[in-house]
Amino acid sequence: MTAADLTAARQESPNGPRRHVATDLALIATFAALIAVCSIIPGISLGPASITLQTLAVMLAGAVLGANRGLLAVLLFMAVGAAGLPVFSGGSAGLAPFAGPTVGYLVSFPLAAWLIGFIVERLPRRKVATSIPLIFVAGLIANLVFVHTLGPLGLAWRAEMGIGAAFVFDLAFWPGDLVKTLIVAIVATAVHRAFPALLPRR
(Lines give C-alpha, C1' and ligand atoms only; values in the text may rest on other atoms or scores of the structure.)
Protein backbone atom coordinates (compact mmCIF):
# COMPACT_ATOMS: atom_id res chain seq x y z
CA MET A 1 0.00 0.00 0.00
CA THR A 2 1.42 3.38 -1.00
CA ALA A 3 1.49 6.55 1.09
CA ALA A 4 -1.33 7.93 -1.04
CA ASP A 5 -3.47 4.87 -0.28
CA LEU A 6 -2.87 5.27 3.45
CA THR A 7 -3.83 8.92 3.29
CA ALA A 8 -7.02 8.08 1.41
CA ALA A 9 -7.90 5.39 3.95
CA ARG A 10 -7.43 7.81 6.82
CA GLN A 11 -9.70 10.31 5.10
CA GLU A 12 -12.42 7.79 4.29
CA SER A 13 -12.54 5.75 7.49
CA PRO A 14 -13.89 8.50 9.77
CA ASN A 15 -16.53 9.59 7.28
CA GLY A 16 -17.95 6.14 6.56
CA PRO A 17 -18.87 5.29 10.16
CA ARG A 18 -20.24 8.78 10.68
CA ARG A 19 -22.51 8.40 7.68
CA HIS A 20 -23.72 5.04 8.95
CA VAL A 21 -24.37 6.42 12.43
CA ALA A 22 -26.25 9.40 11.00
CA THR A 23 -28.37 7.10 8.83
CA ASP A 24 -29.09 4.78 11.75
CA LEU A 25 -30.11 7.68 13.99
CA ALA A 26 -32.40 9.06 11.29
CA LEU A 27 -34.06 5.67 10.78
CA ILE A 28 -34.48 5.13 14.52
CA ALA A 29 -36.02 8.59 14.96
CA THR A 30 -38.31 8.10 11.96
CA PHE A 31 -39.69 4.81 13.23
CA ALA A 32 -40.06 6.18 16.76
CA ALA A 33 -42.19 8.95 15.26
CA LEU A 34 -44.19 6.37 13.27
CA ILE A 35 -44.89 4.40 16.44
CA ALA A 36 -46.02 7.60 18.16
CA VAL A 37 -48.39 8.48 15.31
CA CYS A 38 -49.87 4.98 15.26
CA SER A 39 -50.28 5.10 19.04
CA ILE A 40 -52.24 8.34 19.21
CA ILE A 41 -54.61 7.48 16.35
CA PRO A 42 -57.89 6.67 18.10
CA GLY A 43 -58.46 2.96 18.48
CA ILE A 44 -61.24 0.65 19.61
CA SER A 45 -61.57 0.70 23.39
CA LEU A 46 -62.11 -2.66 25.05
CA GLY A 47 -62.04 -1.40 28.62
CA PRO A 48 -58.61 -1.62 30.24
CA ALA A 49 -56.88 -1.74 26.83
CA SER A 50 -57.58 -0.62 23.26
CA ILE A 51 -57.04 -1.98 19.79
CA THR A 52 -54.67 0.45 18.04
CA LEU A 53 -52.10 0.50 15.24
CA GLN A 54 -49.33 0.56 17.83
CA THR A 55 -48.24 -3.04 17.41
CA LEU A 56 -48.13 -2.66 13.63
CA ALA A 57 -45.56 0.14 13.90
CA VAL A 58 -43.59 -1.66 16.61
CA MET A 59 -43.32 -4.85 14.56
CA LEU A 60 -42.55 -2.90 11.40
CA ALA A 61 -39.66 -1.16 13.16
CA GLY A 62 -38.09 -4.49 14.05
CA ALA A 63 -38.82 -6.17 10.72
CA VAL A 64 -37.47 -3.28 8.63
CA LEU A 65 -34.60 -2.01 10.77
CA GLY A 66 -33.46 -5.25 12.36
CA ALA A 67 -33.10 -6.22 16.00
CA ASN A 68 -30.92 -3.48 17.46
CA ARG A 69 -32.26 -0.46 15.57
CA GLY A 70 -35.83 -1.68 15.97
CA LEU A 71 -35.29 -2.03 19.71
CA LEU A 72 -33.79 1.46 19.91
CA ALA A 73 -36.67 2.97 17.93
CA VAL A 74 -39.22 1.58 20.39
CA LEU A 75 -37.11 2.61 23.39
CA LEU A 76 -36.85 6.14 21.98
CA PHE A 77 -40.62 6.27 21.57
CA MET A 78 -41.08 5.11 25.17
CA ALA A 79 -38.49 7.58 26.48
CA VAL A 80 -40.20 10.47 24.71
CA GLY A 81 -43.54 9.43 26.18
CA ALA A 82 -42.11 8.98 29.66
CA ALA A 83 -40.57 12.45 29.39
CA GLY A 84 -44.04 13.95 29.00
CA LEU A 85 -44.94 14.08 25.32
CA PRO A 86 -48.45 12.64 24.71
CA VAL A 87 -47.42 9.81 22.40
CA PHE A 88 -48.86 6.83 24.22
CA SER A 89 -52.24 5.28 23.43
CA GLY A 90 -55.06 7.75 23.89
CA GLY A 91 -52.64 10.67 24.04
CA SER A 92 -51.37 9.78 27.50
CA ALA A 93 -47.88 10.63 28.67
CA GLY A 94 -45.50 10.42 31.59
CA LEU A 95 -44.91 7.46 33.86
CA ALA A 96 -48.58 6.72 34.59
CA PRO A 97 -49.00 4.29 31.64
CA PHE A 98 -46.16 2.21 33.09
CA ALA A 99 -48.22 1.70 36.24
CA GLY A 100 -51.52 1.10 34.44
CA PRO A 101 -53.22 -2.01 33.09
CA THR A 102 -51.37 -1.84 29.76
CA VAL A 103 -47.90 -1.89 31.33
CA GLY A 104 -47.33 -5.46 30.12
CA TYR A 105 -47.99 -4.47 26.52
CA LEU A 106 -45.66 -1.46 26.80
CA VAL A 107 -42.87 -3.58 28.24
CA SER A 108 -43.38 -6.17 25.52
CA PHE A 109 -43.00 -3.74 22.62
CA PRO A 110 -39.19 -3.28 22.58
CA LEU A 111 -38.69 -7.00 23.21
CA ALA A 112 -41.05 -7.95 20.38
CA ALA A 113 -39.38 -5.49 17.99
CA TRP A 114 -35.99 -6.96 18.87
CA LEU A 115 -37.17 -10.57 18.40
CA ILE A 116 -38.83 -10.08 15.03
CA GLY A 117 -35.77 -8.15 13.88
CA PHE A 118 -33.46 -10.87 15.13
CA ILE A 119 -35.39 -13.50 13.17
CA VAL A 120 -35.83 -11.43 10.00
CA GLU A 121 -32.09 -10.66 9.86
CA ARG A 122 -31.51 -14.39 9.48
CA LEU A 123 -34.21 -15.12 6.91
CA PRO A 124 -33.76 -15.46 3.14
CA ARG A 125 -35.31 -12.35 1.63
CA ARG A 126 -34.64 -12.70 -2.09
CA LYS A 127 -38.02 -14.11 -3.13
CA VAL A 128 -41.35 -12.49 -2.32
CA ALA A 129 -43.06 -15.89 -2.26
CA THR A 130 -40.94 -17.01 0.69
CA SER A 131 -40.10 -13.69 2.35
CA ILE A 132 -43.68 -12.64 3.12
CA PRO A 133 -44.75 -15.89 4.85
CA LEU A 134 -41.45 -16.16 6.74
CA ILE A 135 -41.65 -12.60 8.07
CA PHE A 136 -45.31 -13.23 8.91
CA VAL A 137 -44.30 -16.25 11.00
CA ALA A 138 -41.54 -14.20 12.64
CA GLY A 139 -44.15 -11.62 13.61
CA LEU A 140 -46.43 -14.30 15.02
CA ILE A 141 -43.58 -15.65 17.14
CA ALA A 142 -42.71 -12.19 18.48
CA ASN A 143 -46.36 -11.50 19.25
CA LEU A 144 -46.86 -14.82 20.98
CA VAL A 145 -43.64 -14.80 23.00
CA PHE A 146 -43.85 -11.22 24.25
CA VAL A 147 -46.94 -9.15 23.36
CA HIS A 148 -49.59 -11.76 24.08
CA THR A 149 -47.76 -13.09 27.12
CA LEU A 150 -46.57 -9.99 28.96
CA GLY A 151 -49.70 -8.06 27.97
CA PRO A 152 -52.18 -10.35 29.75
CA LEU A 153 -49.82 -10.72 32.72
CA GLY A 154 -49.83 -6.94 33.06
CA LEU A 155 -53.62 -6.93 32.92
CA ALA A 156 -53.78 -9.57 35.62
CA TRP A 157 -51.44 -7.49 37.76
CA ARG A 158 -52.82 -3.97 37.28
CA ALA A 159 -56.43 -4.49 36.14
CA GLU A 160 -57.31 -6.88 38.95
CA MET A 161 -58.11 -9.70 36.55
CA GLY A 162 -57.45 -13.36 37.11
CA ILE A 163 -54.69 -14.68 34.88
CA GLY A 164 -57.12 -16.87 32.97
CA ALA A 165 -59.53 -13.99 32.44
CA ALA A 166 -56.68 -11.74 31.27
CA PHE A 167 -55.58 -14.24 28.62
CA VAL A 168 -59.18 -14.68 27.48
CA PHE A 169 -59.52 -10.88 27.25
CA ASP A 170 -56.32 -10.76 25.19
CA LEU A 171 -57.84 -13.05 22.55
CA ALA A 172 -59.80 -10.04 21.28
CA PHE A 173 -56.52 -8.55 20.01
CA TRP A 174 -55.48 -11.57 17.94
CA PRO A 175 -57.62 -11.03 14.80
CA GLY A 176 -56.33 -7.48 14.37
CA ASP A 177 -52.77 -8.52 15.11
CA LEU A 178 -52.91 -11.23 12.46
CA VAL A 179 -53.93 -8.63 9.87
CA LYS A 180 -51.28 -6.17 11.10
CA THR A 181 -48.60 -8.87 11.01
CA LEU A 182 -49.49 -9.66 7.40
CA ILE A 183 -49.19 -5.96 6.54
CA VAL A 184 -45.80 -5.86 8.29
CA ALA A 185 -44.62 -8.85 6.26
CA ILE A 186 -45.71 -7.29 2.97
CA VAL A 187 -44.24 -3.85 3.70
CA ALA A 188 -40.98 -5.21 5.13
CA THR A 189 -40.51 -7.47 2.11
CA ALA A 190 -41.02 -4.53 -0.26
CA VAL A 191 -38.57 -2.37 1.69
CA HIS A 192 -35.89 -5.05 1.77
CA ARG A 193 -36.22 -5.68 -1.94
CA ALA A 194 -35.86 -1.95 -2.60
CA PHE A 195 -32.99 -1.54 -0.11
CA PRO A 196 -31.25 -4.93 0.17
CA ALA A 197 -28.37 -3.49 2.24
CA LEU A 198 -30.65 -2.11 4.93
CA LEU A 199 -30.22 -5.16 7.17
CA PRO A 200 -26.85 -6.65 8.08
CA ARG A 201 -25.86 -9.83 6.29
CA ARG A 202 -25.75 -12.98 8.44
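Colleague: Is Asp177 buried or exposed?

Modeller: Asp177 is buried, at a relative accessible area of 6%, where buried means under 20%, exposed over 50% and partly exposed in between, with a 1.4 Å probe and protein chains only. This is a predicted model, in which local features need pLDDT of at least 70 and side-chain atom pairs pLDDT 80 or more, while totals for chains, interfaces and linings use all residues. Residues are numbered from 1 along each chain as its sequence is written, and side-chain values use heavy atoms, without hydrogens or water.

Colleague: Which helix does Asp177 lie in, and what does Asp177 touch?

Modeller: Asp177 lies in helix H7, helices being DSSP runs of H or I with at least four residues, numbered from the N terminus. Setting aside residues up to four places away in sequence, Asp177 touches Thr55, Asn143 and His148, with contact meaning heavy atoms within 4.5 Å. The side chains of Asp177 and His148 are also joined by a polar contact of 2.7 Å, that is, a pair of N or O atoms within 3.5 Å, one able to donate a hydrogen and the other to accept it.

Colleague: How many cavities of 30 Å³ or more does the structure hold?

Modeller: The structure holds one, a cavity being a set of points on a 1 Å grid where a 1.4 Å probe fits but cannot get out, lined by residues with an atom within 4 Å of a point. The largest cavity has a volume of about 40 Å³, taken as the space filled by probe spheres set on the points.

Colleague: Which residues line the largest cavity?

Modeller: The lining consists of Thr55, Leu56, Met59, Asn143, Asp177, Lys180, Thr181 and Val184. Helix H2 (54-65) and helix H7 (174-194) are the elements that give two or more residues to this lining, and H7 gives the most, with four.

Colleague: Changing topic, which members of the largest nonpolar core touch the most others?

Modeller: Among its 45 residues, Phe77, Ile116 and Val120 touch the most other members; such a core is a set of buried Ala, Val, Leu, Ile, Met, Phe, Trp, Tyr and Cys residues joined through side-chain atoms within 4.5 Å. The largest share of this core, nine residues, comes from H2.

Colleague: What is Val120 in contact with?

Modeller: Leaving aside neighbours within four places in sequence, Val120 is in contact with Ala63, Arg125, Ile135, Ala138, His192 and Leu199.

Colleague: And where is Glu160?

Modeller: Glu160 sits in the loop between helix H5 (128-158) and helix H6 (163-170), where it has a positive phi of about 55° although it is not a glycine. Glu160 counts as exposed because its relative accessibility is 77%.

Notes. On a 1 Å grid over the protein atoms alone, a cavity is a set of points where a 1.4 Å probe fits but cannot get out, and a pocket is an open set with protein on both sides within 12 Å along at least five of seven lines; lining residues have an atom within 4 Å of a point.
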